[in-house]
Amino acid sequence: SLEESGLGTVSGGGSLLAPRPFPGEQGIEYVCLDVELANLDEALAVLKKKMHELGAPVGSSIAYYTEKEVKHEEPIGDIELLYVYLDAQTLSDDIYANSDLESICKTLQERMDPIGELRKPQSWSSETLLYFAGKDADKMFSRIEKLHEEIPLLQNARITFQRRDKEK
């Protein structure tokens, strides 16, 4: 969008891996995208609009420097996240043998429609993360809250939220 409008270009980016609570495991702490802007005010407006369209989650921000090297940081993103961590260690061997992650993902997505979207799962030896993006993490949770009664692999699931209102 920036290049198309002649307002800037993506110049780099990266991510930071951080230790997880389980020995030897790492997860993504954050992702950074570097852009160079030609016209700060106009380009920032385009960038913010595009980030919202792409579904920037709550907790995202745009950090930039003005000509005088003064750093500014603005929160951006209104998509809430619901994280479902499936236990990969403590359930019975039968549960793991008889569980199909693809069909579980399909069932969860069907329950979430149209308020939440399943993003790409992430697996470690200790657990598998399924996470959903939508406007209301609490509503997404209410759609799957009782599924552990139907899907044995959800029995020891650890569930966390990334919300606009951190006090909930």
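The chain of this predicted model contains 4 helices and 9 strands, where helices (H or I, at least four residues) and strands (E, at least two) are DSSP runs numbered from the N terminus. Read from the N terminus, the order of the elements is β-β-α-β-β-β-α-α-β-β-β-α-β. Residues are numbered from 1 along each chain as its sequence is written, and side-chain values rest on heavy atoms, with hydrogens and water left out. Since the model is predicted, local features were required to have pLDDT of at least 70 and side-chain atom pairs were counted only at pLDDT 80 or more, whereas totals for chains, interfaces and linings use all residues.

Taken along the principal axes, the C-alpha atoms of the chain fill a box of roughly 60 × 35 × 35 Å. Of the 168 residues in the chain, 32% are buried; buried here means under 20% relative accessible area, exposed means over 50%, and partly exposed covers the range in between, with a 1.4 Å probe and protein chains only. The chain exposes about 10,900 Å², of which carbon and sulfur atoms supply 49%, the areas being computed by the Shrake-Rupley method with a 1.4 Å probe. Among the contacts (heavy atoms within 4.5 Å) with a separation of 6 or more, 60% involve residues 24 or more positions apart. The chain carries 19 positive and 31 negative side chains, and the centres of the two sets lie 4 Å apart; Lys and Arg count as positive and Asp and Glu as negative, while His and the chain ends are not counted, and each charge is placed at NZ of Lys, CZ of Arg, CG of Asp or CD of Glu.

Another backbone feature is the peptide bond from D113 to P114, which is cis with omega near -5°; P114 lies in the loop between α3 (101-112) and β6 (116-118). For reference, most residues other than glycine have a negative phi, and most peptide bonds are trans.

A search of the whole structure finds 3 aromatic pairs, where rings of Phe, Tyr and Trp (its six-membered ring) pair if their centres lie within 6.5 Å, and planes under 30 degrees apart count as stacked, over 60 as edge-to-face and the rest as tilted. The pair of Y83 and Y85 is stacked, because the ring centres are 6.3 Å apart and the planes meet at 25°. Both residues count as buried, Y83 at 17% relative accessibility and Y85 at 12%. The rings of F141 and F161 form an edge-to-face pair, 5.6 Å centre to centre and with 75° between the planes. This pair links distant parts of the chain, since F141 belongs to helix α4 (residues 137-144) and F161 to strand β9, 20 residues apart. Both phenylalanines count as partly exposed, F141 at 22% relative accessibility and F161 at 28%. Ring pairs also link Y83, Y85 and Y131 into a cluster.

S15, in strand β1 (residues 8-19), counts as partly exposed at 48% relative accessibility. Not counting residues up to four places away in sequence, S15 touches I28, Y30 and V31, and the C-alpha atoms of S15 and I28, 13 residues apart along the chain, are separated by 6.8 Å. S92 is found in the loop between β5 and α2 (93-97) and is partly exposed, with a relative accessible area of 38%. From C-alpha to C-alpha, S92 and S5 are 56 Å apart in space and 87 residues apart in sequence.
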